[in-house]
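I opened my notebook today to go through one protein chain, feature by feature. Here is what I looked up, in the order I did it.

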Amino acid sequence: MPDSCVDTFINYREEGTNSSAAPVSQYWGRGFDSHHFDCASGTFSVDVSHHPPSTYTVKDLYSGVFDNEPSMPFSQVSQTRSVALEDTTFFIQRGLRKLCLSATKTSSGLIHAPLENMTQNELYLLYGKACTHSLSPGPGPPYDFYPVTHLYRSKPILHFLNIFNNTGGIMYKYIKNFGGDPASTLNRKLHGLFFSASVDPLTGQPPAVSYYGDQRIHIPVGFMINQSTNLYFADFYCHYVNHHVTLVITLKGSEADAFCLPRLLALNPAYNEFLYRRPHEQHAMVNTKVTVEVFYTESIDIVEFLRSKLAYLSSVKQSGNAALKTVIGLPKRKDCKICNIKEPS
């Protein structure tokens, strides 16, 4: 943890009680890696790590109606509010209990302060850095590609049970969080679903461990990369070691497509440096030098896919706790010279 980080204070208060908010945990965290809510004791704990540092306070926890993401029984983020750029509030819901996390300004600055969106020229520079990093050294082929037939999305089993029982089989899209480059034009602007295309180059299989849940749904890559969709480069970033590339897939002529066209970098879906699929082929080729993420901007009827046996579910070992992994999103490392277009200060 950087020396500049501050302690994380977690307070709670339940509606209808006379008790004032009291701290239930105070400890160093590491990047929204875990959370735990104990209904019996009424305590909530969360690991937090951000730069610049911030103080997070649970302001309210009570029963009531809440506008929740319909496909998630343990909702991650539902709404963000900014008041004069001085604080930002995030809502989490578990059942009928609503949790409010407030990010406030500290001596080192404001967490996730709104930044000016990246221009297309700056995005092109970022794209160049991603291409350079993805190149394989030596006399062999410049890129290391591996064939993939499916893109996959990992979530807790309760997430899928909620879809099967409560949303008519629809996996609903949600708003993009602050993960990745803080200047990304997608942040809190575009709705979609994150999938991964990355595989282990030695086995050709998805990673054996997931940070997002213990169940994976595998969707045919041809459903997303086809004649009816457009493909865009959106981001290049890292958190610790591995570098990630974010691609966006939109339906041609859709509202999301109109949003991305002037803001992102269009790629040739039949050949590019990260993920491509040639027409009439059942598989796509993914670059194994980076972790390739796909943000698909439509909701998906996964039950229909499963009934037709075009998609399938698999179990995976989960590391950490998934519920807060994508609440706000981890920003990219500011000190990385590989994926920052501006020199680290």
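**Entry 1: the overview.** Before counting, I needed to know what I was counting: helices are DSSP runs of H or I with at least four residues, strands are DSSP runs of E with at least two, and both are numbered from the N terminus. With that settled, I got five helices and 24 strands for the chain. I also noted that I'm looking at a predicted model. The chain has 345 residues, and 48% of them count as buried. Then I checked contacts with a separation of 6 or more: 68% of those in the chain are between residues 24 or more positions apart.

**Entry 2: helix 1.** I went to residues 120-134, which make up helix 1, with 15 residues. From first C-alpha to last I got 20 Å, close to the 21 Å expected at 1.5 Å a residue. Which residues of helix 1 are buried? My list reads Leu 123, Leu 126, Tyr 127, Ala 130, Cys 131 and Ser 134. Looking down the axis of helix 1, I found its buried residues within an arc of 145°, so they line one face of the helix. Asn 121 and Thr 132 are exposed, on the other side of helix 1. Next I looked at what the buried residues pack against: strand 16 (229-238), strand 17 (243-251), strand 18 (265-267) and strand 20.

**Entry 3: the core.** The largest nonpolar core holds 55 residues. Those touching the most other members are Met 224, Phe 233, Leu 247, Val 248, Phe 274 and Leu 275. Strand 16 gives the most to this core, six residues. Setting aside neighbours within four places in sequence, its contacts include Leu 123, Leu 126, Tyr 127 and Ala 130, which I'd already written down as buried residues of helix 1. Phe 233 also touches Leu 247 and Phe 274, among others.

**Entry 4: cysteines.** How many disulfides does the structure hold? I got zero. Cys 131 has a relative accessible area of 10%, and anything under 20% is buried, so Cys 131 counts as buried. Cys 260 is at 0%, so Cys 260 is buried too.

**Entry 5: Thr 250.** I found Thr 250 in strand 17. Is Thr 250 buried or exposed? At 0% relative accessibility, Thr 250 is buried. Its side chain makes a polar contact with the side chain of Asp 257, at 2.7 Å. Leaving out neighbours within four places in sequence, Thr 250 is in contact with Ser 228, Tyr 232, Cys 260 and Thr 297, among others.

**Entry 6: Asn 287.** This one sits in strand 20, residues 284-287. Asn 287 has 0% relative accessibility, so I wrote it down as buried. What does the side chain of Asn 287 reach? I found the backbone nitrogen of Lys 289, at 2.8 Å. Beyond the four places on either side in sequence, the contacts of Asn 287 include Ser 134, Tyr 143, Glu 273 and Phe 274. Ser 134 was on my list for helix 1.

**Entry 7: helix 2.** Residues 157-166 form helix 2, and its buried residues are His 159, Phe 160, Asn 162 and Ile 163. They cover an arc of only 155° around the axis, which puts them on the same side of helix 2. Among the elements covering them I noted strand 10 (150-155), strand 15 (215-220) and helix 5. Gly 168 follows helix 2, with a positive phi near 70°.

**Entry 8: positive phi without glycine.** His 280 has a phi near 75°, positive in a residue other than glycine. I found His 280 in the loop between strand 19 (275-276) and strand 20. Its relative accessibility is 77%, so His 280 counts as exposed. Lys 309 isn't a glycine, yet its phi is positive, about 65°. Lys 309 lies in the loop between helix 5 (302-307) and strand 23 (312-315), and with a relative accessible area of 75% Lys 309 is exposed.

**Entry 9: Lys 334.** I finished in the segment after strand 24 (317-318), where Lys 334 is found. Lys 334 is at 49% relative accessibility, so I put it down as partly exposed. The C-alpha atoms of Lys 334 and Cys 238 are separated by 9.2 Å, with the two residues 96 apart along the chain.

Note on methods
Residues numbered from 1 in each chain as written. Predicted model: local features only at pLDDT ≥ 70, side-chain atom pairs only at ≥ 80, totals over all residues. Heavy atoms only, no water. Buried < 20%, exposed > 50% of the residue type's maximum accessible area, 1.4 Å probe, protein only. Polar contact = N/O pair within 3.5 Å; in protein donor to acceptor, adjacent residues only side chain to side chain. Contact = heavy atoms within 4.5 Å. Expected span 1.5 Å × (residues − 1). Arc of directions from axis to C-beta. Core = buried A, V, L, I, M, F, W, Y, C linked by side-chain atoms within 4.5 Å. Disulfide = S-S within 2.5 Å.
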